[in-house]
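Take a look at the model first, and then we can go through what surrounds each pocket.

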Amino acid sequence: MDEYAVPVLPSRDLDETLEFYGRLGFEERGRWDGPDGYLILVRGTVELHFRRDPGVDPLATAGSCYVQVRDADALHRDWARIGVPADPTTGSRLTDVAETSYRMREFALVDRSGNLLRIGSPHRDGPAPGSAR
């Protein structure tokens, strides 16, 4: 098995988190309820873990991770079609795709617990970040 990292993000409500990500194609891999609740979600090779934290402030949490994908534009089109409601009370939203100065195509997804997922893929017209020119 290859080594990889998995983020553990706060969830103010595991059912809400499951519903939010389930619409975007994530499937439940495991769940433990109770005061130490935990949820594992998987979409393809992307795995996200969530710990129950009902006190998390969605407008102030530092929960975040970066997800590198093959085609950020295609994934953004899919998720925009499904719809991610913009909610000013939680900060939930899907931003537009943009090109970065470090040659990535990126967008952001913020869930209802305030977790920021930056999603990106290398720009098609240039070398991947960190590669020799």
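A residue counts as lining a pocket when it has an atom within 4 Å of one of the pocket's grid points. Please keep in mind that this is a predicted model.

With that cut-off, the second largest pocket is lined by Tyr4, Ala5, Val6 and Pro7, by Thr45, Val46, Glu47 and Leu48, and by Cys65, Tyr66, Val67 and Gln68. Which strand gives the most to this lining? Strand 5 does, with four residues. Strand 4 (46-52) also supplies at least two residues here.

Now for the largest pocket. Its lining has 14 residues, and the closest to the pocket centre are Arg43, Val46, Gln68, Val69 and Arg70. Helix 2 is the top contributor to this lining, with three residues. Strand 5 (64-68) and strand 9 (116-122) each supply at least two residues as well, as does helix 2 (72-82).

Val46 and Gln68 link the two descriptions: they are among the residues closest to the centre of the largest pocket, and they also line the second largest pocket. Strand 5 likewise supplies residues to the largest pocket and to the second largest pocket.

The table puts volume and residue class side by side.

| Pocket | Volume | Lining by class |
|---|---|---|
| Largest pocket | about 270 Å³ | nine nonpolar, two polar, three charged residues |
| Second largest pocket | about 190 Å³ | nine nonpolar, two polar, one charged residues |

Conventions:
Residues are numbered from 1 along each chain as its sequence is written. This is a predicted model: local features need pLDDT of at least 70, side-chain atom pairs count only at pLDDT 80 or more; totals for chains, interfaces and linings use all residues. Side-chain values use heavy atoms; hydrogens and water are left out. On a 1 Å grid over the protein atoms alone, a cavity is a set of points where a 1.4 Å probe fits but cannot get out, and a pocket is an open set with protein on both sides within 12 Å along at least five of seven lines; lining residues have an atom within 4 Å of a point. Grid points are joined across faces, edges and corners, and a volume is the space filled by probe spheres set on the points. Ala, Val, Leu, Ile, Met, Phe, Trp, Tyr, Cys and Pro count as nonpolar, Asp, Glu, Lys and Arg as charged, and the others, Gly among them, as polar.
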